[in-house]
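Dear colleague,

Please find the structure below, followed by some notes on what was found in it.

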Amino acid sequence: MTNNAIVNADVTKGVINKNIYGHFAEHLGRCIYEGFWVGEDSDIPNTNGIRNDVVEALKNIKIPVLRWPGGCFADEYHWKDGIGPRENRKRMVNTHWGGVIENNHFGTHEFFMLCDLLETEPYVCGNVGSGSIQEMSEWVEYMTFDGESPMANWRQENGKQEPWALKYFGVGNENWGCGGNMRPQYYADLYRRFQTYVRNYGENKIYRIAGGPNVADYNWTDVLMREAGKLMDGLSLHYYTVPGEFWTGKGSATNFPEEEWDVTMQKAYYIKELIEKHSAIMDKYDPKKRVGLIIDEWGTWYDVEEGTNPGFLYQQNTIRDALVAGVSLNIFNEHNDRVQMTNIAQTINVLQSMILTDKEKMIVTPTYHVFEMYKVHQDATKVSLDISSDKFKTGEKEMPQVTGSASKSNDGTLNITLCNVDRENSSDFNVDLRGIEVNHVTGRVLTANEIDAHNTFDNPDNVHPVEFTDFQINETILSIKLPSKSVVALSVK
Ligand code: AHR
């Protein structure tokens, strides 16, 4: 069978929310400290304490939204410890992540400064698990109240005259687990109560995100939507791609057998089923799809790199991760009617990161390159793409060999992204381009010879996108040879 696809560029399917390309930064391992924050006195070039090299690299992938401060950390974070003169800030133990001392040098002001530098929208996650309603409500007042009030006055004393604009606010994180081990009925009531005091001040209108289910906990979604659906704008979903077993051995990021590639791809595809099943429950209570499904933690999770702190979740990133990113982003684009935001975990030095740092050195990962190649889909108009794909079969496992997305940008360019998950075989792929006049096609490809190809501090460009020319155009038919284990981005003008 030949793989083929039909693009109907004049059949549109809504906008792909740019926030699908969002990110997540937690006070975990070396994500905030060393990753983003080095402090003003560092020899590493920085702007008010934030590394210039990472800002420059991340601006290149156009981060639309950044979630902070956790994760599990959010439910033990007390924001008042992270404001005012840094030398006076309280120190705490980061009990979730390695038991290290958190000096609170990176707090609310630093986070908004980072978002300004990145030109990204902030998404703050509040503390339900160990915090109070008053604490949450005062945080929102501190950040967004314009006028005379105890919190606004305090913010001004700390150097910020005008309030910040804050749209996205999470009412707790993983409240079924590290955020309080709650039952859904209990959390639904707490959510109703806490969100009441997450006020909209002046023009600032907050999009409230309720703590959603873990993986396939459909009951959680049902209870939350039934009891609190009307009081939320978004419901989160967390799903990690773990090739092995979470508690007994997740598998190595680099040193893995071929079968682990296959199982990783299969588990990456599973997010499609999760989205569709959770969405079907949401449809019951919200048929107009007002409430967004916010996949605010996703990505690969392996065993940590040898010799690193197990609580720091530092892992390498290979061409396998690039395929997981490409497949997942294609699935999110496909479900743009319900998926309004996603946040890959996590931006720097933690889990499936964009960037790895080693003191003053910095490299970008294969996953970073996928986000760069896909940025054309941000806020673009999705167009109809029907793919008939061969199966990538391996042992008992079977999955589509090729997935894709197609969208049209404002200037009329048609952008197509395709992933071939087969680790051995290329794919001859025909795309019938309808509803568009085809004058010029260009492409880029990210691929590698080895299944664990990755970038290192000594070889930082081992995996990077190159020009792709292995295609021909005959009238409306674009015939492509997709290399094995590849992500391809095509622009049709
Ligand atoms: O991203 C790492 C952790 O995974 C987050 O802190 C938590 O929310 C999830 O379990």
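**A buried valine**

Val 198 is buried, because its relative accessible area is 0%, where buried means under 20% relative accessible area, computed with a 1.4 Å probe on protein chains only. This is a predicted model, in which local features need pLDDT of at least 70 and side-chain atom pairs count only at pLDDT 80 or more, while totals for chains, interfaces and linings use all residues. Residues are numbered from 1 along each chain as its sequence is written, and side-chain values use heavy atoms, with hydrogens and water left out.

Val 198 lies in the loop between α5 (184-196) and β10 (207-210), helices (H or I, at least four residues) and strands (E, at least two) being DSSP runs numbered from the N terminus. Leaving aside residues up to four places away in sequence, Val 198 touches Met 136, Val 140, Phe 169, Ile 206 and Arg 208, where contact means heavy atoms within 4.5 Å.

**A covered strand**

In strand β26 (residues 486-492), seven of its seven residues are buried. Ser 486, Val 488, Leu 490 and Val 492 point one way from β26, whereas Val 487, Ala 489 and Ser 491 point the other way. Strand β20 (residues 414-420) pairs with β26 in the antiparallel sense over seven bridges, pairing requiring at least two bridges found by DSSP, and Leu 418 stands opposite Val 488. Strand β22 (residues 441-446) also runs antiparallel to β26, joined to it by six bridges, with Gly 443 opposite Leu 490.

Best wishes

Note on methods: Buried means under 20% relative accessible area, exposed over 50%, partly exposed in between (1.4 Å probe, protein chains only).
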